[in-house]
Each structure stands twice: as C-alpha cells, then as structure tokens.
Amino acid sequence: MYYTEKILLLGSGELGKEVIIEAQRLGVETIAVDRYADAPAMQVAHRSYVIDMLDPAEVRRVIEAEQPDLIVPEIEAIATAELVKLEEEGYRVIPTATAARLTMDREGIRRLAAETLGLPTAKYRFAASFEEFVTATEAIGFPCVIKPIMSSSGKGQSVCRSAEDRERCWKVAMEGGRVQATKVIVEEFISFDSEITLLTVRSTNGTLFCAPIGHLQQDGDYIESWQPHTMTEEQLEQAKQIAATITEALGGFGLFGVELFLSKDQVYFSEVSPRPHDTGLVTLVTQNLSEFALHVRAILGLPIPEITLLSPGASRPLKAKQAMDHYRIEGVADALATSNTQLRIFRKPLATAGRRLAVALSTADTVEQARELARQAWEQLRLVADEHE
Ligand SMILES: Nc1ncnc2c1ncn2[C@@H]1O[C@H](COP(=O)(O)OP(=O)(O)OP(=O)(O)O)[C@@H](O)[C@H]1O
Ligand SMILES: NCC(=O)N[C@@H]1O[C@H](COP(=O)([O-])[O-])[C@@H](O)[C@H]1O
Ligand SMILES: [Mg+2]
C-alpha cells in the first residue's frame, strides 16, 4: 500500500538531489538535511535544515520536529547510533538503522561480510594507533591500502608501498576522513582486472539486479563509469550471489551499491552503500528507471515490475582541482553539443580539491562509444574561479 507522505534525507548531495526529484514525482513531501547550506538536494526539497549530522542531539531535534514517515540516510557520516534509538522508538530508517550504522564504519561492514557471512574480501587488519598500524602493515605486507574507518569518496585513503611510506599514509588517514579519524583499515592490495558496482534493489517484488556498472577510480574516487560492464556468466553469478547475501544480511527496502573487484579466478566483495551509488549516476540515461527512481519505489513499498537497460552508457564526473570560494563552469554549450549527452550540474556552493561538481552522461550503441562521447563532453567543461560573485 502507498501511504508515505514525508521523507527526510540525511545528506543532501548530488545523489540525494535525484532521490528528492524522484520522490516529488510521486507526490512525496521532502526534507533535506546536511552540514552546509544550499546543498544540491536542498535546492529542490520542500524544506531544509543545516545541522551537524554527527551530533545525535541535532539529528534527533530535526527528526522530532519533522516527524518524517521515512528517514533516508544519503551519506555515511551521520550519528547512526541515534538512528538506531529512533528506530526503536518507532521511526523507519532506510534501509534499516543497523545497515546505516554498519556501513558508516568500515569495520562493521567488513567484519559482517568476511567473518559472519564468509564472503571473499581482501585480507585486512584494523589499527587504532601508529604502533598497531605498523603491526598491521607487517601482517598484510606491501603494497597495502590504508583507509580511515569512517570516510568515503577516497578521503584519507592511500596506498602504502613500503615501511618508509607508513608515516605519510598514517598522516593522510588521520587528516583526510570526513570525521577526525581514530582508526584505520589496512587492506591487502588486490590487483584486480576490473571493478564493478552491482546495483541491487530490495523491494516488495524481492531482490532485483541492474546490469553491472564498470568504473575507474583515481585516489579512491570515481573518474568514469559505464554500463553494462562485460564479464563472464560465472563472474556475474558470483557477483549476484555476493550482492544477494550482503543485502539480505543488511535487510530493509531500498537500493544498494555493491562494490566488487573482478580478477580472473575470484570476485571480491569490497564494500556496499545502502543507498544510490555515485558510479550509478550513469543509470540516469541508461535504464527505464534510474537508481534514484528505483530507490524511491523500493523504500515506498511500490512495485518494480522490471528493470530494463535501454542503452549502453557512460558517465564522467567533473572534479575540482583546487579549492575555490566562487567558481563557474564554462563550456556547457560546447559539452551539450555532443550527441546523446546530458549534464547534471550540482551547484555546490564551494569547490574543494577533488570535489565532484557536475557529471557528463552519454549513451551510444556500444559502451566504448558512450565512454568516448562522455569524455568529449567532459573535455569541454572548465572550472573557473569567479572573483566577482
Ligand atoms: N584493497 C584494495 N585493493 C586495490 N584497490 C583498492 C582496494 N581498496 C580500495 N581500492 C581502490 O580504491 C577505490 C575506493 O575504495 P573504497 O570504495 O573502499 O573507498 P571509499 O572512500 O569508500 O569510496 P566511495 O565512497 O567512493 O565508494 C576502490 O574502488 C578501488 O579502486
Ligand atoms: N561516494 C559517495 C558519494 O559520492 N556521495 C555523494 O557525495 C555527496 C557529498 O559530496 P561532497 O563531499 O562534495 O559534499 C553526498 O551527499 C552524496 O550525494
Ligand atoms: Mg567505494
């Protein structure tokens, strides 16, 4: 039955903006919350709040004031322990408060995947001090990948290549997460052939999969994605099996982005977002229902009769190279002169180094052609510091 009237998004970036647009298309009242004003989703929501989302009292205050039917986490860095309490008091958290809590913390989700569910992952250790970190790198060996346990989009992540490199990597992790870091994961470096996101939807229809999305990452953040990604039937079966297992364990309704590494004889689980995934922006142009439309249908308990890939496609994000208080994006008309290409410009108020500010989306008869079109469009875009605003 369809009766939800109000959703509250915790996190209001470019992914949340598309979720809000889809929710509004179904007549839902939308509230956007984030740590800064004029965040992308706030620009389209009915109302918005700026709070410290890591402060449990502030999260509770906004939720009690708004009494939403659904609380929809959009980012990892939220006071998720408070969401667990709110859920116990009767609020509904998407997909579940426990899923939000486990996935905000690399330790929670990795232990669930590897130790409880027995899924194949890179070897790993956790370290809460430099001394523990030294021991962990000795156990895992070099090269290894270091990440703060609470971070996303590659923040605070580095590859440690030798014992001499350890101090640098420790410093990057301590300073670079979304939250002051206290602990890191040290992971075996997997020399994978390719990596994918398998978007997996838990809905009233059961569990459904989108066609696999291939992507390239630089400094832990995505720089290109495409759909479908070519893989063997066996790899796809293994990928679906892993995705079904982890999403079943997390439970609830919604779309999940299951990140997997593919090598010749193994599919590795890497991590999972219990929400739309950045690499899945490509579905805005490739599918009958985008990942955002699918998330909204699933969380509202609405049916999803089928997910159809309408065309191969690709996405290429525009990322800032340096911080700029005021900026503008030039070359939009030239980019849009590319055939079968669209842009999404997020209108984030500030640029910081590495921040994603827009994305080019293209379709074509083949993935290769779509990647080429997205690249052409993206090459036309220029970020310019704007002194006069
Ligand atoms: N153990 C590993 N071996 C090899 N490469 C890795 C490993 N862990 C991470 N990477 C690379 O770094 C990328 C980002 O890692 P991860 O997804 O863990 O970071 P993240 O900060 O959560 O990023 P996002 O929030 O964008 O998903 C991966 O997609 C992969 O390309
Ligand atoms: N990999 C996760 C991801 O892409 N999340 C997206 O980025 C936003 C934060 O961006 P910001 O750091 O530029 O504010 C989040 O709000 C979400 O939309
Ligand atoms: Mg990731």
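Two strands are said to pair if DSSP finds at least two bridges between them. Helices (H or I, at least four residues) and strands (E, at least two) are themselves DSSP runs, numbered from the N terminus. With those terms in place, I turn to the model.

What you have before you is a predicted model, in which local features need pLDDT of at least 70, side-chain atom pairs count only at pLDDT 80 or more, and totals for chains, interfaces and linings use all residues. Residues are numbered from 1 along each chain as its sequence is written, while chains are lettered from A and ligands numbered from 1 in the order in which they are written.

I begin with an open sheet of 4 strands, whose order is β5-β8-β6-β7 and whose pairing is antiparallel. At its edges stand β5 (124-127) and β7 (158-160); each has a single partner strand, so one side of each is left without a neighbour in the sheet. On average, neighbouring strands here are turned by 30° against each other, direction ignored. For such angles, axes are lines fitted to C-alpha atoms, for helices over the stretch in contact, and angles run from 0 to 180 degrees between N-to-C directions.

Within this sheet, strand β6 (residues 144-148) pairs with β7 in the antiparallel sense over 3 bridges. Ile146 has Ser158 of β7 standing opposite. Helix α5 (residues 106-116) lies across β5, β6 and β8 (184-188), and runs at about 40° to β8. Contact here means that the C-beta atoms of two residues, placed from the backbone, lie within 7 Å.

The next sheet is also open and has 4 strands, in the order β3-β2-β1-β4, with parallel pairing. Here β3 (47-50) and β4 stand at the edges with a single partner strand each, so one side of each is left without a neighbour in the sheet. The twist from one strand to the next averages 20°. Strand β1 (residues 6-10) pairs with β4 in the parallel sense over 4 bridges, and Leu9 stands opposite Val72 in β4. Helix α1 packs on this sheet, where it touches β1, β2 (29-34) and β4, and its direction makes about 165° with that of β2.

Let me now move to the domains. Their bounds come from an automatic or database domain assignment, which gives domain 1 (6-93), domain 2 (123-188) and domain 3 (194-385) for the protein chain. Between domain 1 and domain 3, the C-alpha centres lie 22 Å apart. Their contact takes 14 residues from domain 1 and 17 residues from domain 3.

Which elements supply the side of domain 1 that touches domain 3? Both α1 and β4 (70-73) supply at least two residues each, and α1 gives the most, with 6 residues. By class, that side of domain 1 divides into 8 nonpolar, 1 polar and 5 charged residues. In this scheme Ala, Val, Leu, Ile, Met, Phe, Trp, Tyr, Cys and Pro count as nonpolar, Asp, Glu, Lys and Arg as charged, and the others, Gly among them, as polar.

I come to the ligands. A residue is near a molecule if its C-beta atom, placed from the backbone, lies within 6 Å of it.

Around ligand 2 there are 13 residues, of which Gly11, Gly13, Leu15, Ser153 and Asp278 come nearest. Helix α1 (residues 14-25) gives the most to this shell, with 3 residues. The shell comprises 2 nonpolar, 5 polar and 6 charged residues. Domain 1 and domain 3 each contribute at least three residues to the shell around ligand 2.

Around ligand 1 there are 20 residues, and Ser152, Glu187, Ile190, Gln217 and Gly220 come nearest. At least two residues of this shell come from each of β6, β8 and β14 (266-273). The shell has 4 nonpolar, 8 polar and 8 charged residues. Domain 2 and domain 3 each provide at least three residues of the shell around ligand 1.
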